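Colleague: I have a new structure on my screen and would like to walk through it. Can you take my questions one at a time?

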Amino acid sequence: MTFEIEINGRMRRASVERSGPGRFLVTLDGVVHDVDASRTGEHALSLLLDGVSREVQLAPNGLPGELIAGLEGRTAGVSVNARRTRRGPAETDSGAGEQRIVAPMPGRVVRILAAPGDLVAARQSVIVVEAMKMENELRAARAGRVTHVAVTPGMSVESGRVLVVIE
């Protein structure tokens with residue numbers, strides 16, 4: 001399979017082919033890498049990349065194809081196939097029903113960036129959660145009004161807990 005991956009604003013091309021149980025040939029920008037991957041937690045992978053061991057955390061960021069990636073104490077926003085799935089402004093601003101911003105993994109609420117009654121834009125950060133020593137900004141999928149904030153700064157949260165509701 002071939003993917004377009006945007007990492008902190010930089011577009012990369014990757015293709016992934018299974019080469020055995022837990023093993024993959026990953027071509028990134030034309031360079032082939034041998035990868036042995038195993039899941040070590042709900043959002044964690046242990047990778048042996050060209051013979052070098054790496055622990056990687058990948059967590060959803062509230063939008064389809066949007067992830068937060070953590071490696072060696074650093075975090076980055078990652079979009080997979082964003083040009084194929086990204087909607088235009090008219091579509092992004094529309095939509096029915098409430099959106100629930102949930103904790104992608106267990107952690108601690110660091111900052112709340114929107115209060116009940118606030119209007120938020122599509123992709124606007126609404127809350128920051130620290131998990132595995134990384135701060136993760138969680139964003140609104142589309143524009144709306146914050147109707148409920150279910151947590152307070154410093155509060156511990158479990159994976160899947162509703163943090164903010166937007167209509």
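Modeller: Go ahead. Keep in mind that this is a predicted model.

Colleague: Which strands make up the closed barrel, and by what average angle are neighbouring strands turned against each other?

Modeller: The barrel has eight strands, with antiparallel pairing. Their order is β1-β2-β3-β4-β5-β6-β7-β8. Ignoring direction, neighbouring strands in this sheet are turned against each other by an average of 35°.

Colleague: In β8, which residue is the bridge partner of I5?

Modeller: Start with the strands. β1 covers residues 2-7 and β8 covers residues 74-80. They run antiparallel and three bridges join them. In β8, the partner of I5 is V80.

Colleague: What volume does the largest pocket have?

Modeller: A rolling probe the size of a water molecule shows where empty space is left. For the largest pocket here, the volume comes to about 1,300 Å³.

Colleague: Which residues that line the largest pocket are the closest to its centre?

Modeller: The lining has 31 residues. By class, 22 are nonpolar, five polar and four charged. Elements that give two or more residues to it include β1, β5 and β6. Closest to the centre are I5, I7, L47, V56 and L58.

Colleague: Is Q57 buried or exposed?

Modeller: Q57 lies in strand β6. Beyond its neighbours within four places in sequence, its contacts include H43, I68, L71 and M134. Its relative accessibility is 14%, and the limit for buried is under 20%, so Q57 counts as buried.

Colleague: Along β13, which side chains point to one face and are buried?

Modeller: β13 spans residues 134-139, and its side chains alternate.

Colleague: In the hairpin of β12 and β13, which turn residue has a positive phi?

Modeller: Six bridges join these antiparallel strands. Two residues lie between the strands, and the one with a positive phi, about 50°, is M132.

Colleague: What is the phi of D29, and what is the phi of R123?

Modeller: Most residues other than glycine have a negative phi. D29 sits in the loop between β3 and β4, and R123 in the loop between β11 and β12. Neither is a glycine, yet phi is positive for both: about 50° for D29 and about 70° for R123.

Methods: Residues are numbered from 1 along each chain as its sequence is written. This is a predicted model: local features need pLDDT of at least 70, side-chain atom pairs count only at pLDDT 80 or more; totals for chains, interfaces and linings use all residues. Side-chain values use heavy atoms; hydrogens and water are left out. Two strands pair if DSSP finds at least two bridges between them. Helices (H or I, at least four residues) and strands (E, at least two) are DSSP runs, numbered from the N terminus. Axes are lines fitted to C-alpha atoms, for helices over the stretch in contact, and angles run from 0 to 180 degrees between N-to-C directions. Buried means under 20% relative accessible area, exposed over 50%, partly exposed in between (1.4 Å probe, protein chains only). On a 1 Å grid over the protein atoms alone, a cavity is a set of points where a 1.4 Å probe fits but cannot get out, and a pocket is an open set with protein on both sides within 12 Å along at least five of seven lines; lining residues have an atom within 4 Å of a point. Grid points are joined across faces, edges and corners, and a volume is the space filled by probe spheres set on the points. Ala, Val, Leu, Ile, Met, Phe, Trp, Tyr, Cys and Pro count as nonpolar, Asp, Glu, Lys and Arg as charged, and the others, Gly among them, as polar. Contact means heavy atoms within 4.5 Å.
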